[in-house]
Amino acid sequence: MFVRLALGALIAPLLSGCVLLPPRPGESAIMLYGTRVTYSLVDARDFGFCPADRVGCSVPLGSVCFVMIDRAFFERADPRQRTLVVAHEVGHCLDLRKLSLSHGGFRNEGQRWGAYWATPSEGYAEAYGRLYLRRCGPDLASLGWNGERGSCTPPDPREVTPDLVDELKL
Ligand SMILES: [Zn+2]
């Protein structure tokens, strides 16, 4: 069913340099692999930089990556769907901050999950999300969602490659 879900897009950084903003009300933040990721539930029409037909949106701004998830999607999704979308957006953040948008060597391998994931950045982000789900299960706390802290360590962004996807049959 995920084939029909449009996931978030990576938007080019708007500012370079360091920006450290305090969390807004209802927003939670975590440091993942040296990247500060903040989460918020919003109406997709308020994504701003991403099309409103997506269910998630990541906006890197300086040293912070803002992950927004559509509230209506989140409320109707099951725990695995929620976790996959949030981890997918985290994948976009880490691709930029840790891999300099090299996408882990992905080219079009993401098309195994559908046309939407055929681009290098979407293929990488989806692989990150699926690997997270495989390793940690539907555990949003370990992604720092809602200010929580879990016991599972999210995958190192450098290990997410097309070969690993093949090997694990993600
Ligand atoms: Zn995406």
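In what order do the elements of the protein chain run from the N terminus on? Keep that in mind as you go through the points below.

1. Please remember that this is a predicted model. The order of elements, starting at the N terminus, is β-β-β-β-α-α-α-α.

2. Now look at the chain as a whole. It has 170 residues, and 41% of them count as buried. Among contacts with a separation of 6 or more, 65% join residues 24 or more positions apart.

3. Helix α2 deserves a visit. It covers residues 79-99, 21 residues in total, and spans 28 Å from first C-alpha to last, close to the expected 30 Å. Because 16 of its 21 residues are buried, α2 is largely enclosed by the rest of the structure.

4. Next, find the largest nonpolar core, which has 36 residues. The members that touch the most other members are Val-37, Val-67, Val-86, Ala-87, Val-90, Cys-93 and Tyr-128. Two or more residues each come from β1 (28-32), β2 (35-42), β3 (56-61), β4 (64-70), α2 and α3 (120-136). The biggest giver is α2, with eight residues.

5. Leaving out residues up to four places away in sequence, Val-67 touches Val-37, Thr-38, Tyr-39, Gly-56, Ser-58, Val-86, Glu-89, Val-90 and Cys-93.

How values were computed. Residues are numbered from 1 along each chain as its sequence is written. This is a predicted model: local features need pLDDT of at least 70, side-chain atom pairs count only at pLDDT 80 or more; totals for chains, interfaces and linings use all residues. Helices (H or I, at least four residues) and strands (E, at least two) are DSSP runs, numbered from the N terminus. The expected span of a helix is 1.5 Å times one less than its number of residues. A residue is buried if 20 or more other C-beta atoms lie within 10 Å of its own, exposed if 12 or fewer, and partly exposed in between; C-beta atoms are placed from the backbone. A nonpolar core is a set of buried Ala, Val, Leu, Ile, Met, Phe, Trp, Tyr and Cys residues joined through C-beta atoms within 7 Å. Two residues are in contact if their C-beta atoms, placed from the backbone, lie within 7 Å.
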